[in-house]
Amino acid sequence: MWRIFRIIFSVILVISLLSGCMSKSQKKSIYNKAVPIAQQYMKDNYNADVMFSDYEFLDPMNSEIVLYGHMVGDENDTFSIGVSHKTFRINNLIGSSKIMDRYVKPDK
């Protein structure tokens, strides 16, 4: 009986440790740090001023926050941008063709 209890407890413990649960304040802090990085990326690489309307965290093993937004002045030009919340580097960008066609090679 105790052996089964210990096995079940161990499984629950491992699952909770792997899930990497974050508090709302931790998520908000990551969001607040990711937004200016993503805005600067869009300005440098797409010559676009953008606003963010929503975000979501992918599974904890992925360590990515996805920001959803649109170009300032045109809510139809939407995009999503993935930012690693460990390194705060841009992982990917998916957007409307109007945004993607604006790509400019950054001066670096």
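**Exercise 1.** Is phenylalanine 52 buried or exposed?

*Solution.* Keep in mind that this is a predicted model. Step one: take the relative accessible area of phenylalanine 52, which is 13%. Step two: compare it with the cut-off, since buried means under 20%. Phenylalanine 52 is therefore buried.

**Exercise 2.** Work out which residues have the most contacts inside the largest nonpolar core, and which element gives the largest share of it.

*Solution.* Start with the core itself: it has 20 residues, and Met42, Phe52, Ile65, Leu67, Phe79, Ile81 and Val83 have the most contacts inside it. Next, look at where the core comes from: helix H2, strand S1, strand S2 and S3 each supply at least two residues. The largest share, seven residues, comes from H2. Now zoom in on methionine 42: among the residues it touches are Phe79, Ile81 and Leu93.

**Exercise 3.** Classify the ring pair of tyrosine 31 and tyrosine 55, then that of phenylalanine 52 and phenylalanine 79.

*Solution.* A search of the whole structure finds five aromatic pairs. For tyrosine 31 and tyrosine 55, the centres are 4.4 Å apart and the planes stand at 25 degrees, so this pair is stacked. Tyrosine 31 is in helix H2 and tyrosine 55 in strand S1, so the pair ties together parts 24 residues apart in sequence. For phenylalanine 52 and phenylalanine 79, the centres are 5.7 Å apart with planes at 75 degrees, so this pair is edge-to-face. Phenylalanine 52 belongs to strand S1 and phenylalanine 79 to strand S3, so their pair ties together parts 27 residues apart in sequence.

Notes:
Residues are numbered from 1 along each chain as its sequence is written. This is a predicted model: local features need pLDDT of at least 70, side-chain atom pairs count only at pLDDT 80 or more; totals for chains, interfaces and linings use all residues. Side-chain values use heavy atoms; hydrogens and water are left out. A nonpolar core is a set of buried Ala, Val, Leu, Ile, Met, Phe, Trp, Tyr and Cys residues joined through side-chain atoms within 4.5 Å. Buried means under 20% relative accessible area, exposed over 50%, partly exposed in between (1.4 Å probe, protein chains only). Helices (H or I, at least four residues) and strands (E, at least two) are DSSP runs, numbered from the N terminus. Contact means heavy atoms within 4.5 Å. Rings of Phe, Tyr and Trp (its six-membered ring) pair if their centres lie within 6.5 Å; planes under 30 degrees apart count as stacked, over 60 as edge-to-face and the rest as tilted. Lists of a residue's contacts leave out its neighbours within four places in sequence.
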